Amino acid sequence: MKASIYISSGDIKLLTYSRSGSGIRVKGYYTHPLPDESVLGGVILDAGSVTEGIKSLKRNHPSAFKDISLVLDGSYVYTKQINVPGKLSAKMYRRIIKDEFSDVASDADNLICDYIIQKSDDNQSKNILAFGIEMANVRSYTEIFYSAGVELRTIHFGIRALLRYVTHRKELKNASFVLNAVDEEQMLSIIFQNTVSMLQQRTRLFPDATGSSAQSMMDGLSGIIAFNRSQNFGEITHSYYLGRSGSEISAVSRMGDHPEIRFSTMNIYSSTPGAEALPPDAFFVFLNALLPDSERDLFYNIKMQEKAKRQERPKNFYIPIAAFILLLLGAAVAALLFLTNQIEEEITELQNFLNAPATIEARDEVGMLRVETARLNSQRISTEAHINHTAALPQVSREIITVLEHVGRPNVRILGLSFNSANGIMSVSASGPSMHDASNYVERLRRESIIAEVYHTGYRIAADGEFVFTIDVIKNNWRGGVAVND
């Protein structure tokens with residue numbers, strides 16, 4: 001038995017199925033509710049709650065977790081329509097896509113790219129729909145499944161599953177329509193002209209006084225229609241919806257803003273055995289299950305990107321870094337030995353001077369020198385004791401503060417730092433302009449070798465709209481740090 005899983009803002013959705021030829025048969029559908037604000041726009045804010053939810057589903061349905069596929073969708077998935085030369089390799093396509101997303105991605109170097117060829121003009125040019133997702137966002141999901149003891153077989157984009165389904169519906173081949181996939185608080189809208197995706201737009205949905213989000217859905221559609229007309233595309237005749245019931249879509253239609261358009265839900269379950277009872281919001285796990293096993297996924301694209309990086313990286317990349325580190329360590333040891341020898345020579349010279357009776361005849365001068373010698377010896381012993389005491393204390397290094405500031409640029413601003421010498425935890429208070437900055441900042445810190453662990457402890461929205469969040473950081477070998485005195 002196979003399974004498809006999706007983590008939304010409100011719950012974890014799990015669909016079990018068996019494959020029969022090119023189709024599937026649904027075996028079961030299960031959900032596990034999540035606390036409020038555990039996931040926001042696809043970004044995981046409370047990893048512990050999500051991990052416990054997956055563990056609970058695994059305990060109750062162990063057979064579903066032997067061959068499991070994850071589907072991802074959220075504001076962190078970048079999409080763009082791109083025209084590219086036809087006679088290029090897949091490797092070159094990925095380079096072009098990475099360049100296209102470099103302005104919006106916070107970590108373009110670790111951007112995982114994929115694409116779908118939508119139109120081809122005799123190998124002279126191709127129209128592709130490009131996808132991009134930052135590695136930090138992928139890891140935020142894979143680490144949760146690893147913690148829950150679940151091995152993922154594949155990871156797919158939700159929008160890729162949507163597009164594949166539409167292109168295989170023959171009745172939609174020559175139509176001009178909008179497909180709106182509504183996932184709780186956000187709506188993904190896609191313009192289709194002759195089964196080619198022309199635009200993708202995400203709209204945040206806000207409920208009105210009655211709890212309905214019909215007005216937000218209509219506002220999103222109006223923006224899509226305005227763009228379609230500005231591009232002189234074919235007139236949109238239908239607006240299809242996934243994730244909402246027929247009564248909710250009727251409420252949108254009754255607003256009467258676009259009488260020329262027919263509003264309706266898209267029935268995707270009717271021809272699949274066992275799927276009749278699925279709720280409207282199960283569309284992502286269902287469409288992900290329809291993808292064939294041969295469909296390339298994020299694991300494949302990650303492997304291709306790592307292979308390209310290995311080919312581009314110089315063979316001796318680590319040699320100069322290792323040599324520089326050894327040079328710094330050697331210089332530090334040499335400086336310490338020089339200072340130690342200098343102090344010992346000065347003490348020895350002074351003791352020899354005092355023990356030479358032919359040199360000093362005045363008894364009072366000898367006594368003064370003896371007192372001074374005793375004072376210097378006492379000072380040396382006190383200094384050594386202070387050094388040993390300080391070395392034994394938990395201390396934080398200036399290096400980790402530099403890392404915290406550097407990794408946060410340009411979006412994250414450090415507001416405050418505090419260090420607990422009892423457990424080696426540095427608490428960091430920071431802010432960013434969007435809700436994604438906290439998770440991105442945490443994941444980028446985890447890639448720093450100096451840092452052993454990072455915990456995201458919470459966030460709040462400030463009066464100026466900034467997202468203020470706190471994290472706890474533990475440095476590797478924190479008991480051996482150099483004291484920060486200023």
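Author: Strands are DSSP runs of E, at least two residues long, numbered from the N terminus. The model is predicted. Strand β13 covers residues 196-204, and Ser197 is found in it.

How accessible is Ser197? Buried means under 20% relative accessible area. Ser197 has a value of 0%, so Ser197 is buried. What surrounds Ser197? Leaving out residues up to four places away in sequence, Ser197 touches Gln81, Gln118, Leu129, Leu163, Ile190, Ile191 and Phe192. Ser197 also has a polar partner: its side chain and that of Gln200 are joined by a polar contact of 2.5 Å.

Now take Asn267. Asn267 sits in the loop between β15 (262-265) and α7 (283-290). One of its polar atoms lies 3.3 Å from the backbone nitrogen of Tyr269. The backbone nitrogen of Ser270 is also reached, at 3.3 Å. Not counting residues up to four places away in sequence, Asn267 touches Tyr165 and Arg169. Tyr240 is 27 residues from Asn267 along the chain, and their C-alpha atoms are separated by 9.3 Å.

Next, a helix pair. Two packed helices are described by the angle between their axes and the distance between the axes. Helix α1 (residues 47-60) packs with helix α3 (residues 135-147) at about 50°, and their axes are 9 Å apart. The two helices are therefore oblique to each other. Their crossing is right-handed. Which residues make the contact? From α1 come Ala47, Val50, Thr51, Ile54 and Lys55. From α3 come Ile144, Phe145 and Ser147. By type, the residues of this contact divide into 5 nonpolar, 2 polar and 1 charged.

Last, the chain. The protein chain has 12 helices and 19 strands. Of its 486 residues, 43% are buried, and Ser197 is one of the buried residues. Take contacts between residues at least 6 apart in sequence: 63% of them join residues at least 24 apart.

Technical notes. Residues numbered from 1 in each chain as written. Predicted model: local features only at pLDDT ≥ 70, side-chain atom pairs only at ≥ 80, totals over all residues. Heavy atoms only, no water. Axes fitted to C-alpha atoms, helices over the stretch in contact; angles between N-to-C directions. Helix = DSSP H or I, 4+ residues; strand = E, 2+ residues; numbered from the N terminus. Parallel < 35°, antiparallel > 145°, perpendicular 65-115°, else oblique. Left-handed = near helix turned anticlockwise from the far one by under 90°. Contact = heavy atoms within 4.5 Å. Nonpolar A, V, L, I, M, F, W, Y, C, P; charged D, E, K, R; others polar. Buried < 20%, exposed > 50% of the residue type's maximum accessible area, 1.4 Å probe, protein only. Polar contact = N/O pair within 3.5 Å; in protein donor to acceptor, adjacent residues only side chain to side chain.
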